[in-house]
Amino acid sequence: MRAKKLTAVAGGAFLAAMSGAQAQDSEITLCWAAWDPANALVELSKDFTASTGIGMNFEFVPWTNFADRFLNELNSGGKLCDLMIGDSQWIGGGATYGHYVQLNEFFDQEGISMDDFLPATVYAYSTWPKGTPNYYALPAMGDALGWVYRKDWFSRPELREAFKAEYGRDLGVPSNWQELKETATFFQGREIDGETRYGAAIYTERGSEGITMGVTAALYPWGFKYENAPGSYDMEGAVNSAASVEGLEFYKSLYDCCSPPGHSDAYMVANLDAYKSGQVAMQMNWFAFFPGIAKDEVVGGDVSGFFVNPGQNIEASTLGGQGISVVAYSDKKDLALEYLKWFAQPDVQAKWWALGGYSCHQSVLGDPGFAETAPFAADFLKAMSGVQDFWQEPIYAELLLAMQQRVHDYVVAGKGTAQEALDKLIEDWTISFEDDGKL
Amino acid sequence: MSASAQKPGQATPLGKFLAGSAVVLYALVAMIPLIWILATGFKSPPDSISYPPKVFFEPTLEGYVNLFTTRSRQTPEYIESLGPPKSWYEELVRKRNMVISGPSRFADRYWNSIVIGFGSTFLAVFLGTLAAYGFSRFRVPLKDDLLFFILSTRMMPPVAVAIPIFLMFRQLGLSDTAAGMILLYTAVNLSLSVWLLKGFVDEIPREYEEAAVVDGYSRLQAFWKVVLPQMRAGIAATAIFCLIFAWNEYAFALLLTSGTAQTAPPFIPIIIGEGGLDWPAVAAGTTLFLLPVVVFTVLLRNQLLRGITFGAVRK
Amino acid sequence: MPDEAQRARRALTVSNRIASKLRGLSDTAIAWIFIGPTILLLLAINIFPLLWTIYLSFTNYRANQPGRPVRWIGTRNYERLLGSEDIWGYLQATAHFVIWTMIFQIVIGFGLALLINRNFRGASFWTTIILIPMMLSPAVVGTFWTYIYQPQTGIFSYIVDFFAGTGALDMIGSVALAPWSIIIVDTWMWTPYIMLLCLAGLRSIPDYLYEAAEIDRANALQRFWYITLPRVLPFLMLAVLFRGIENFKMFDLVVELTSGGPGSTTELASINLKREAFEKWRTGYSSAFAIILFVTIFGLGNIYVKVLNKVKS
């Protein structure tokens, strides 16, 4: 008797599992990274459900697992996500391998014009091949890498005096990487309010894209280029140019001199933790987090200030941000498109910015009062005018992982020299492009 | 085990005391991480990242609330505009300038773990019982080879197995489905269940079946009415081992599921809070996830040896 | 296992005798009905995929590029693998991990078993407590250990510093310490396994052997060397076989702890395989890697079992 009951229970569980796979028809699922803006989007999307009756589900995965998890999902032809806010580098693969729906026809039909969005974001988040009017996403979230600093410490008289005595200039927002390092060195190991503080929290994460995003924030200002001529895949002398080597060496010296202890596998969240717990005077992080920092109950308000990624030989910032795409494998593409249509409206975009998302819409960014709406708004516009992105090739993941390994081996593990790391990187990338038939 | 396991020269009371103290010391040190998990679940996020680590702290349920909700950080004015909090947990969250925007995925993932765990355990034990009986009682050609083949399926690294399975599931539409995961875990658990259960069947004297046959039972009836009831304890132990394996499994779940059928192990590491890795929430999830296994381990302690060696060592 | 085979043979003669008395389905039919489903499932989910992997390992297939023509490229994947410096580095990291975890676990596990075998009061309660870590999910526990290992806020560094005055230890981030950080967690989790098997070995030793040794005036060291060790060795070796294979395949615990870092310091074979197969999507290449790993495990395992059988007899 008991065995029978057990069989029934287990069988029932099995059936429940099978049927559970089919979600309700009037609901769609949006996939994105788990971070502040995503939570703001949940809040924003309540309006969408209220006006259309279409329920919204969300799947959020932290950045360190984001690409890994959702590229796997796309490659397996899964139906989990109807909408995907995929990273800018995915657009090549999304278009080439057929993961994303091309949106041109839909845009024309609904009167959505890409001219209404910031050109840099349209180029980076929506087009493939790059710069052609073939759209696979709607710019959803503008982003670039910037810096946060402890404004309260920077304005303390005793610290300002000590800094001036040491470096002969005022303690303030650094205007280039050299000054950034000096400032970080100044704070490294310093006692403030009875606790030891450190210079700067920078990206060093190994697993996904962390250290590459951090290193490129230094490489781009030094003048690093991926190719000698765009589209040539000719990397010798560009990737490993003298300036590139110098930039990479500088990033390592910054890691060695001025990062907090144990900061060897840190990406966005670890930098936030280090910053919010008062360990560091500065952190590099995406603009996406700045609204949350400004609203934080500890480091919010006047405690924190923001600045654009410093220049060196040129002014440049690492691009972040994503477009929103309709997944080709979805059974509910019509509902997903409905969401895009709703999301592209200027008033929704305005509320998106107000809740903590970075709208790419001209009606928001072009508003004369925009720069005054937040302490980091003006910096955001400045950063977006000088953004550079990693390879957006369909095989970008492979290229990224090679860079992660070579750069982490050099910067964090201290293996070899910067020159060797970049030379090896060219070797890795050459093999990848050969396999892909580009070379 | 015999009570007279004392060896000459080892039985002095002082020797016993010293041995006992050393073992207890080891056990206590080994327990620190687990106690730390339990404690961190009841810390507030700031307490969890304080330096030096806090041993004494004011317990709070924030970690558990964060585990089951997603929250969004908003300005005090925005929060004000929402009206007073409707529950104690909303109040708790608002203290940190946050509003609850919905439930988290933890409960779904936990439920997936239960469904996939029990589903695969049932199938693995069902098929395993039949196969074990078959191997134990019948002349099967190439028996030893087949048994070894069943065992060798465990020698492949899971990541290696996952490559073709990924392609297969994609072709069959089984990616990210509970059915696919149940099938896969069943296959992986079969090696354990066949070997363990065969050991249990071997221990049941054949005379019982012979007697039943003399009484007019058919072979199948003898299996059903005589052998099966005697295997009950063995089946229960095997089932728990299969369940624990499926419950703890990570690599396949990581590589072959993404949401719909994702279990808790790949999910718990990626529980993050608003703006920081939320260790109290991770600890809360870890506690809820580990607790059943700790209970089962205590229940199973006398069968443990047999289970972890695939039945090769029996007490 | 020779006794296994003997028992099976004895069982078979008995079962044939009964079989003649049985009615209904023929024995062969019942046997195949009982065993068939298991074999079929294993063929579908283990053998077929294995064959497919072997085939893929000779191609340039990429699972993320559906439209790309699949070309047979002979042994090029294998050549590239065996000629790669990086792969040897990963295998060395794996060997370092396997060897040191085994050494620590054998020493501590055997020691604990000897102590527990003195049957002090409460021995079985404390044994159960000690066993708990090995039943837990390595990935989930590994995640939490990253918190325990935090140099500033973690208790590991704090406790070690308190007793040894080492200062803040960056267990996961430093190249020197990271390989040991994963060894420590694995040892914490799996020492109980070795302990449990050694305990079984100790309890299988009949008392009269020690009594005889007493008469021969053997000292404690001699007793250990000539009686205890030989009797426990087969159990210990079995434990090392199971754990050695598991650790050679190690993925979940280390992925969550260090994810292979810093640099490639703890990039174990399985972790790199996952990167190649599921992040870079070099399916053909990673299939070749998988086959190499499988052959290595299978080969080493077989040699080991031969030695084990020699020790047993």
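Predicted model: local features only at pLDDT ≥ 70, side-chain atom pairs only at ≥ 80, totals over all residues.
**How do you know? A chat about two chains**

Visitor: How do you know that the span of α11 of chain A agrees with what a helix should have?

Guide: We count 1.5 Å a residue, using one less than the number of residues. For the 17 residues of α11 (residues 242-258) of chain A that gives 24 Å, and the end C-alpha atoms are 24 Å apart, so the two agree.

Visitor: Over to chain B. Why is B:T129 called buried?

Guide: The cut-off is 20 or more other C-beta atoms within 10 Å. B:T129 has 25, so it counts as buried. This residue sits in helix α6 (residues 106-137) of chain B.

Visitor: Which residues does B:T129 touch, leaving out those up to four places away in sequence?

Guide: B:T129 touches B:L197, B:M231 and B:I235. As for B:F106, 23 residues apart from B:T129 along the chain, the two C-alpha atoms are separated by 34 Å.

Visitor: And what makes up the contact between the chains?

Guide: Chain A gives 34 residues and chain B gives 34 residues. On the side of chain A that touches chain B, α1(A) has the largest share, seven residues. That side divides into 16 nonpolar, nine polar and nine charged residues.

Note on methods: Residues numbered from 1 in each chain as written. Chains lettered and ligands numbered in written order. Contact = placed C-beta atoms within 7 Å. Helix = DSSP H or I, 4+ residues; strand = E, 2+ residues; numbered from the N terminus. Nonpolar A, V, L, I, M, F, W, Y, C, P; charged D, E, K, R; others polar. Buried ≥ 20, exposed ≤ 12 C-beta atoms within 10 Å, placed from the backbone.
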